[in-house]
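Please keep the structure in view while reading.

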Amino acid sequence: MPANGNRPLKLQFGLINHEGRYLTAENFSFKVNASAASLKKKQIWTLEQDSQDTQVVYLRSHLGRYLASDKDGKVTCEADGHNSDCRFLIVAQSDGRWALQSEQHLRFFGGSRDYLSCFAQVITNAELWAVHLALHPQANLLSVARRRYAHLSLEDGEVAVDVNIPWGVAALLTLVYLDGKYGLKTCDSRFLGNDGKLLTQSGRATAYTLELKCGKLAFKDCEGKYLSPMGPTGTLRSGRCSKPGKDELFDLEESHPQVVLMAANGRYVSIRQGVSLAANQDDETDMETFQMEIDQETRKCTFRTSQGNYWALVAHGGIQSSATEMSANNMFAVEWLGHKVAVKANNGKYICTKKNGQLLAVSDSIGEDEQLTLKLINRPMLILRGENGFICHHKNSNTLDASRSVYDIFTLQFSNGAYHIKGVDGRFWYVNSSGLVCSDGEAPEDFSLELLEHRRLAIRGKNGKYLRGDQGGTLKGDAVSPGSSALWEY
């Protein structure tokens with residue numbers, strides 16, 4: 001089977017100093033300070049490794065400039081490329097915090113507020129930085145040594161690292177940040193303990209410090225041992241190693257949306273009968289599940305099967321799941337029609353369902369036979385991040401904030417082409433008469449999801465308007481079109 005074809009996620013994070021403040025790159029004069037109380041855009045840093053020496057890292061700000069230190073310990077963030085003053089070494093501490101050492105001048109970076117320097121000869125508390133990952137917390141976990149993905153194995157009550165392609169909701173893991181450490185949460189909301197057992201509550205045994213080695217992640221438990229896949233099924237639990245080797249290293253990879261499609265005949269599109277696609281099945285299995293991979297530039301998407309092949313347009317408008325190489329005939333345009341979708345192939349024709357269930361791209365316009373119901377299956381727990389931060393319950397009202405550095409986990413429920421969104425208290429989202437999105441509904445309200453961009457979706461209320469974060473950071477359901485403030489990483 002082919003590998004998943006995903007790139008590891010770029011490691012983006014915030015750095016928190018000894019006073020609980022985040023390292024910030026200001027928009028003016030390329031100044032840096034450690035004054036911010038939360039993780040927003042200006043506090044996000046991207047780690048880049050040196051191509052020659054993997055121990056050396058560069059820290060790039062949200063402005064695309066690099067952190068640098070001169071011989072006198074003066075710190076700036078103005079360099080627009082890698083130079084010798086931008087080269088740092090990460091000295092990881094036992095509590096998971098980092099000391100950043102200038103490779104050129106061998107001094108350590110630290111300080112508080114506006115008084116940051118890289119002049120300390122020894123590491124004190126002022127030179128230590130806690131790492132807060134800024135990437136979207138839901139991902140697939142790939143073992144570097146085994147080249148296999150982690151997934152929840154319900155039968156064995158464990159997280160097993162033994163699948164070639166991260167398929168279905170079981171392969172989705174959520175990283176939960178708490179007091180500088182991380183928990184690994186499965187799709188059924190349980191936490192992975194260091195003994196490999198799954199627990200309903202987080203605690204000491206479910207808290208891991210993240211360590212970085214050669215651009216890969218290692219998870220260190222409360223006893224100083226590291227998570228690794230053990231035994232034939234790759235049971236994920238702490239081993240005996242107190243230093244991370246290849247077996248203890250992982251990549252986080254983006255989790256693409258996986259969907260099932262129901263045709264106008266009320267049956268699921270499937271590859272169970274062979275390479276030709278047909279809507280002829282009554283149940284949802286891996287054979288009826290397809291991974292949507294959306295192209296950033298064209299917004300067209302490919303549909304990938306659990307075997308690793310792609311949908312392809314073939315002669316006479318046929319659609320087969322036979323392609324292993326990418327070409328224009330693998331690309332499809334999805335049109336979002338409220339609670340339904342239509343799919344247009346590379347020949348400019350819409351896919352329609354014939355009487356026998358066969359799918360053919362032969363239609364010039366959209367009628368009932370060209371409409372499909374698309375159901376997103378691998379986000380039962382929904383975490384949404386907009387251009388200014390995560391969506392979170394407002395502390396003192398029934399509205400929702402859309403610019404927080406912490407997130408709430410919402411429950412997504414599918415209902416006949418629409419979705420209901422439920423908060424932690426079991427109440428539902430709805431849009432009130434003044435266009436505010438509220439979270440205390442007793443009854444569910446229908447929303448539509450549109451998977452418009454690579455890693456980003458839009459949410460449409462029953463008033464036909466899109467959900468957006470306004471200037472004050474409040475979530476509203478009043479956008480006419482899905483602009484940047486109405487697109488959500490999920």
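In this predicted model, the side chains of lysine 349 and aspartate 364 form a salt bridge, with an N to O distance of 2.6 Å. Lysine 349 sits in the loop between strand E33 (340-344) and strand E34 (350-353), and aspartate 364 in the loop between strand E35 (359-363) and strand E36 (373-376), so the pair ties together parts 15 residues apart in sequence. Lysine 349 is partly exposed, because its relative accessibility is 27%. Aspartate 364 reaches a relative accessible area of 60%, so this residue is exposed.

**Further salt bridges**

The count comes to 25 salt bridges. One of them joins the side chains of lysine 42 and glutamate 26. This pair links distant parts of the chain, 16 residues apart. Lysine 42 belongs to the loop between strand E3 (32-36) and strand E4 (45-49). Glutamate 26 belongs to the loop between strand E2 (22-25) and E3. Lysine 42 has 30% relative accessibility and therefore counts as partly exposed. Glutamate 26 has 13% and therefore counts as buried.

Aspartate 401 and arginine 404 also meet through their side chains in a salt bridge. Aspartate 401 is buried, because its relative accessible area is 13%, under the 20% cut-off. Elsewhere, salt bridges link Asp50, Arg87 and Glu103 in a network.

| Salt bridge | N to O distance |
|---|---|
| Lysine 349 and aspartate 364 | 2.6 Å |
| Lysine 42 and glutamate 26 | 3.1 Å |
| Aspartate 401 and arginine 404 | 3.3 Å |

By class, the lining of the second largest pocket holds 18 nonpolar, six polar and three charged residues.

**Cavities**

Five cavities of 30 Å³ or more occur in the structure. What lies nearest the centre of the largest cavity? Glu254, Ser255, Arg379, Arg455 and Tyr490 do, among 15 lining residues. The lining of the largest cavity divides into five nonpolar, five polar and five charged residues.

Terms used: Residues numbered from 1 in each chain as written. Predicted model: local features only at pLDDT ≥ 70, side-chain atom pairs only at ≥ 80, totals over all residues. Heavy atoms only, no water. Nonpolar A, V, L, I, M, F, W, Y, C, P; charged D, E, K, R; others polar. 1 Å grid on protein atoms, 1.4 Å probe; cavity = no way out; pocket = protein on both sides within 12 Å on 5 of 7 lines; lining within 4 Å. Points joined across faces, edges and corners; volume = space filled by probe spheres on them. Salt bridge = Lys/Arg side-chain N within 4 Å of Asp/Glu carboxyl O. Helix = DSSP H or I, 4+ residues; strand = E, 2+ residues; numbered from the N terminus. Buried < 20%, exposed > 50% of the residue type's maximum accessible area, 1.4 Å probe, protein only.
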